[in-house]
Amino acid sequence: MLLAALFLGIVAGRLLRAHPRPIGAAERMAAITIYLLLFLLGLSVGGDRSIMGALEEVGAQALVLSVGSVAGSLLVAAIVSARFFAADEE
Amino acid sequence: MKNSALLLLLFLAGVLAGSRGWLPADLPLVEDLAFYTLLLLLFFVGIGVGGDADTWRVVRQANVKIILVPAAVVVGTLAGAAAFSLLLPTVNVRESLAVGAGFGYYSLSSIVITELHGQQLGVVALLANVLRELMTLWLAPLFVRRLGRLAPIAAGGATAMDTTLPVISRFAGRDYAAVAVFSGVVLTILVPLLITLLLT
């Protein structure tokens, strides 16, 4: 369902390409919705003692996964770069 | 999502309001609405991506080689997140992959993960993907010097199309900006797709 909504949106956006106004409105709606949902996520996190009590653990997990994601990306990108983009690097 | 500072401030304002009890943390109406709000949000995000003339121009002009860039980011991120999840006894591989699949797009990934899996992992996704964006902003010059011009694009993930594009363009070169936008657009679309596939 979530993916159907995303694809419907992309198709609708593609069809509306020549009309910047509805597209601008949709982007503003997306921004406002994200603001609202992030505030609400903050609100329920703030009210959740088990998460608030585990902030250090949550932060450490985020740091580890973030470093892992970036390191992995850099590694594979360096291989791709050396193998396929060598001419572009000087 | 360009307004990173505002997004984070709103999240922190929510945390403060919730922890001090200024506002009730569990508004029942909000819980019920969240899924439908998310549906609408993804629809609007799709319109933004599909309706952006630059997106289609960059995609049309792309040569076959350029697809290797977001592909490398997907493979590298997921492999890295899975490998590093072994350091975390309380986070399993599937959860780690979902957090990694945010590719730096922390607002959308944290919201989708919260809805599909739970709040705590949603917060991990928020922080991990914010850190990814910050690391790219801070370390882009180092990445270019040590690992080449594709490196900051890879580190930036989905943010390479907007928030980290200025530093990428500056340190990797203007001619790589189109590569960055292409990679960012592809990864942005993949964020809700991969997370949904991983968590359902």
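## Ground rules

The model is predicted, so local features need pLDDT of at least 70 and side-chain atom pairs count only at pLDDT 80 or more, while totals for chains, interfaces and linings use all residues. Residues are numbered from 1 along each chain as its sequence is written, and chains are lettered from A and ligands numbered from 1 in the order in which they are written.

## The meeting of the two chains

The contact between the chains draws 62 residues from chain A and 77 residues from chain B; two residues are in contact if their C-beta atoms, placed from the backbone, lie within 7 Å. On the side of chain A that touches chain B, α1 (2–15), α2 (20–46), α3 (49–53) and α4 each supply at least two residues. Helices here are DSSP runs (H or I, at least four residues), numbered from the N terminus. The biggest giver on that side is α4(A), with 23 residues. By type, this side of chain A holds 42 nonpolar, 15 polar and five charged residues. Ala, Val, Leu, Ile, Met, Phe, Trp, Tyr, Cys and Pro count as nonpolar, Asp, Glu, Lys and Arg as charged, and the others, Gly among them, as polar.

## Two helix pairs across the contact

Let us start with α4(A) and α7(B), whose axes come within 8 Å and cross at roughly 40°. Axes are lines fitted to C-alpha atoms, for helices over the stretch in contact, and angles run from 0 to 180 degrees between N-to-C directions. The two helices are therefore oblique to each other (angles under 35 degrees count as roughly parallel, over 145 as roughly antiparallel, 65 to 115 as roughly perpendicular and the rest as oblique). Among the residues making this contact are V58(A), L65(A) and L74(A) of α4(A), along with V123(B), L131(B) and F143(B) of α7(B). The residues of the contact divide into 15 nonpolar, five polar and one charged.

The second pair is α2(A) and α6(B), which pack at an angle of about 55° with their axes 10 Å apart. That makes α2(A) oblique to α6(B). Here I34(A), L37(A), L38(A) and L41(A) meet S107(B), S110(B), I111(B) and T114(B).

## Helix α4 of chain B

Helix α4(B) covers residues 68–85 and has 18 residues. From first C-alpha to last, α4(B) reaches 25 Å, close to the 26 Å expected at 1.5 Å a residue (the expected span is 1.5 Å times one less than the number of residues). Its buried residues include V69(B), V73(B), L78(B) and F84(B); a residue is buried if 20 or more other C-beta atoms lie within 10 Å of its own, exposed if 12 or fewer, and partly exposed in between. Their cover includes α4 of chain A as well as α5, α8 and α10 of chain B.

A72(B) is found in this helix, and counts as buried because it has 25 C-beta neighbours inside 10 Å. Leaving out residues up to four places away in sequence, A72(B) touches V76(A), A77(A), V80(A) and A154(B).

Helix α5(B) is mostly covered, with six of its eight residues buried. What covers them includes α4 of chain A, together with α4, α6, α7 and α10 of chain B.

In the loop between α5 and α6 of chain B sits F103(B). Most residues other than glycine have a negative phi. F103(B), although not a glycine, has a positive phi of about 45°. With 32 C-beta neighbours inside 10 Å, F103(B) counts as buried.
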